[in-house]
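Please walk me through this structure.

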Amino acid sequence: HCRYWKRPRTFRRGGVEIMSFLEAPEFGQGDFILIEELNEGSFLDNLKLRFEKERVYTNIGETVVSINPYKPLIYGDDKVADYRSRAMYKRPPHVFALAEAAYQAMLRRSQDSCIAISGESGTGKTEASKIIMRYISKVTIERVHQDEVERVKNLQ
């Protein structure tokens, strides 16, 4: 079971305020922006620690770094609900947080949004794409259903 702070914390780095949902220290740093001495070694050490603790997602601000766990990642409706309508920094790092941010930007701007996924062969790009599409499909269906319920209620 993962322990989290109850709410996001605000930090200052280089005069910039940063909000991040902190995980317990034994899981490493969930957002690389918050690492005091960031260099190649600390970057890789943090990724390794998070991977060993089954934390395959790590943020760099609004970018999500994903490490292929080479095992199926099954996320149910409860995980979708954890990220639905929440800002990226209000939940632990996950591709759902990124998908929600893109979805909300699309709704807010009334124009298409995209998520760039890159990596070498075998790094999990296709699986990450599928996870994101499942999330977008689920939240879109929920929104359409809500809109239809409201439309019927207004007919009365």
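Over residues 1-7 of this predicted model, pLDDT stays under 50, and the model has 16 contacts beyond four places in sequence for them. Where pLDDT is low, the predicted coordinates should not be read in detail. The chain as a whole averages a pLDDT of 84, with 83% of the residues scoring at least 70. Among its elements, strand S2 (residues 16-20) has the lowest confidence, at a mean of 55, and helix H1 (residues 40-52) the highest, at 95.

The aromatic rings come next. A search of the whole structure finds four aromatic pairs. One of them joins Tyr 75 and Phe 96 edge-to-face, 5.4 Å centre to centre and with 65° between the planes. This pair links distant parts of the chain, 21 residues apart: Tyr 75 is in the loop between strand S4 (63-66) and H2, and Phe 96 is in helix H3. Tyr 75 counts as partly exposed because its relative accessibility is 24%, whereas Phe 96, at 3%, counts as buried.

Phe 96 also pairs with Tyr 135: the centres are 4.7 Å apart and the planes lie at 35°, so this pair is tilted. Tyr 135 belongs to helix H4 (residues 125-155) and Phe 96 to helix H3, so the pair ties together parts 39 residues apart in sequence. Tyr 135 is buried, as is Phe 96. Ring pairs link these residues, Tyr 75 and Tyr 83 into a cluster.

The charged end of Arg 91 is over the ring of Tyr 83, 5.8 Å from its centre. Arg 55 lies over the face of Phe 27, 3.8 Å from the ring centre.

Terms used
Residues numbered from 1 in each chain as written. Predicted model: local features only at pLDDT ≥ 70, side-chain atom pairs only at ≥ 80, totals over all residues. Heavy atoms only, no water. pLDDT = per-residue confidence, 0-100. Helix = DSSP H or I, 4+ residues; strand = E, 2+ residues; numbered from the N terminus. Contact = heavy atoms within 4.5 Å. Phe/Tyr/Trp six-rings, centres within 6.5 Å; stacked < 30°, edge-to-face > 60°. Buried < 20%, exposed > 50% of the residue type's maximum accessible area, 1.4 Å probe, protein only. Lys NZ or Arg CZ within 6 Å of the ring centre and 35° of its normal.
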